[in-house]
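Please open the structure in your viewer and keep the selection tool at hand.

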Amino acid sequence: MRDKNSLTNREPPKQLNIETSAARPDIDRISMLSEFGNIAPPIHLSTSFKRDADCSDLSAYSYSTFDNPNRHWLEETIRNLESGKAAVATGSGMAAIAAVLSWLKRGDRLIAAHDLFQGTARLLNDQFRSWGIETDFVDTTDLNEVASAIRSETRMIWLDSPSNPMLRVSDIAAVSELAKTRGIRVVVDGTFAPFLIQKSLDLGADATIYAATKYIAGHSDVVSGLAVFREADELYQKARAFQINVGAVPSPMDCWLVERGLRTLAVRFARQCDTALAVARFLEKHDSVEAVYYPGLENNPDYELACRQMNNRFGGMVSFLVNEGRIAASKIVESTKLFLNATSLGGVESLIELRAASPVQNLGQGTGFNVPENLIRLSIGLEHPFDLIADLEQALSQLGN
Ligand SMILES: *Cc1c(COP(=O)(O)O)cnc(C)c1O
């Protein structure tokens with residue numbers, strides 16, 4: 001066995017940059033827990049753990065649904081990176097969303113964006129409504145609309161920022177300010193803008209959730225979710241109870257994959273943001289493109305807010321409208337060679353999708369918002385930006401042929 005003290009006696013430097021903390025999630029602690037001095041964390045698959053005679057040590061692991069080493073490390077890692085007080089890792093992004101929403105009681109209302117993630121819209125309309133929790137869908141980028149939707153029963157405001165697929169940016173600080181004086185909780189789905197560029201808790205939100213399936217895990221090979229909380233209060237405790245009581249838990253293997261994703265997130269995401277901006281600029285100038293939705297373009301209505309709130313990077317998603325309608329749009333989606341025609345986002349491979357034709361979109365949103373028929377959504381991967389632009393150029397040139 002290696003001398004553990006050689007690793008653990010070193011004082012870690014204070015106030016590391018977030019990229020360093022993401023790349024090195026408390027590596028000394030993880031090494032200490034292994035007997036071989038491994039620098040990558042092990043995977044603990046055991047579902048049950050030996051206990052003392054009267055189970056007096058309540059912090060010890062007992063059964064994997066309650067807690068296990070890999071989930072614990074992942075929750076601690078994301079909690080640190082997000083500067084939160086508590087975190088809950090779940091078996092999917094949707095489970096993280098449901099866990100946070102489970103704080104609401106019959107008769108409560110919540111405000112959410114009309115263009116929020118369609119899975120969240122379905123969860124609210126199909127499940128929570130029948131449990132007596134109603135949602136008011138508004139344009140959350142308009143502070144006045146949010147303010148006038150607040151009723152005495154309103155207990156939560158749910159923001160998706162940037163939103164999908166219009167990539168609108170809601171003012172997290174301003175909404176949190178509005179909510180705080182009224183005792184309303186603010187939750188941000190930050191899937192499109194992880195903590196490297198947007199720290200929702202610092203901006204005043206009570207919780208932020210991620211589909212770790214997307215950028216955080218980052219390789220299109222694991223479904224997983226995270227919820228991080230500003231305080232370890234009731235909102236967190238309800239989510240923890242939901243995770244355990246429902247069994248909405250990620251496997252140790254999934255936790256390990258997400259934790260590995262976190263280590264390279266900073267470089268992947270920076271590259272994806274930079275390429276997305278280049279792609280958006282290319283599309284903006286193209287004759288066959290009617291509109292480009294990307295908060296990093298100077299003429300975008302959310303540009304100034306996005307600069308402030310997203311630390312001058314704007315995410316890896318780009319949406320655009322094609323001039324000649326849906327048929328032209330589907331022709332483009334069929335014609336790209338590098339961009340794969342598939343849903344989801346955040347992986348290393350670039351994806352293209354005619355959003356109105358997406359199977360998930362066809363399940364219906366029920367929020368009063370309809371995706372434009374000719375909207376194409378891009379998820380930018382890690383290919384060279386010139387190759388991606390050339391691919392779009394050749395696909396767009398198919399129009400009119
Ligand atoms: C994918 C996604 C989710 C849901 O995550 P799953 O892991 O698929 O359950 C939630 N919010 C946003 C913005 C997403 O893109």
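**The ligand and its surroundings**

Begin by selecting helix H5, residues 93-101: this helix supplies three residues, the largest share of the shell around the ligand. Please note that the model is a predicted one.

Next, select the whole shell. It consists of 14 residues, and the closest are Gly93, Met94, Asp189, Thr213 and Lys214. Colour the shell by residue class, and seven nonpolar, five polar and two charged residues can be told apart.

Select Gly93 and display its backbone: one of its backbone N or O atoms lies 2.8 Å from an oxygen atom of the ligand. Move on to Asp189, where an N or O atom of the side chain is 2.7 Å from a nitrogen atom of the ligand. Then select Thr213, which places a polar side-chain atom 2.6 Å from an oxygen atom of the ligand. How much of the ligand does the protein bury? Taken alone, the ligand exposes 380 Å², and the protein buries 89% of that area.

**The enclosed spaces**

Leave the ligand and turn to the cavities. The count comes to two cavities of 30 Å³ or more. To find the second largest cavity, select Ala217, His219, Asp221, Leu257, Arg260 and Gly261, which line it. The space inside this second largest cavity is about 40 Å³. Its lining is made up of two nonpolar, two polar and two charged residues.

Technical notes:
Residues numbered from 1 in each chain as written. Predicted model: local features only at pLDDT ≥ 70, side-chain atom pairs only at ≥ 80, totals over all residues. Heavy atoms only, no water. Near = heavy atom within 4 Å. Polar contact = N/O pair within 3.5 Å; in protein donor to acceptor, adjacent residues only side chain to side chain. Areas by Shrake-Rupley, 256 points an atom, 1.4 Å probe, with all protein chains shown as cover. Helix = DSSP H or I, 4+ residues; strand = E, 2+ residues; numbered from the N terminus. Nonpolar A, V, L, I, M, F, W, Y, C, P; charged D, E, K, R; others polar. 1 Å grid on protein atoms, 1.4 Å probe; cavity = no way out; pocket = protein on both sides within 12 Å on 5 of 7 lines; lining within 4 Å. Points joined across faces, edges and corners; volume = space filled by probe spheres on them.
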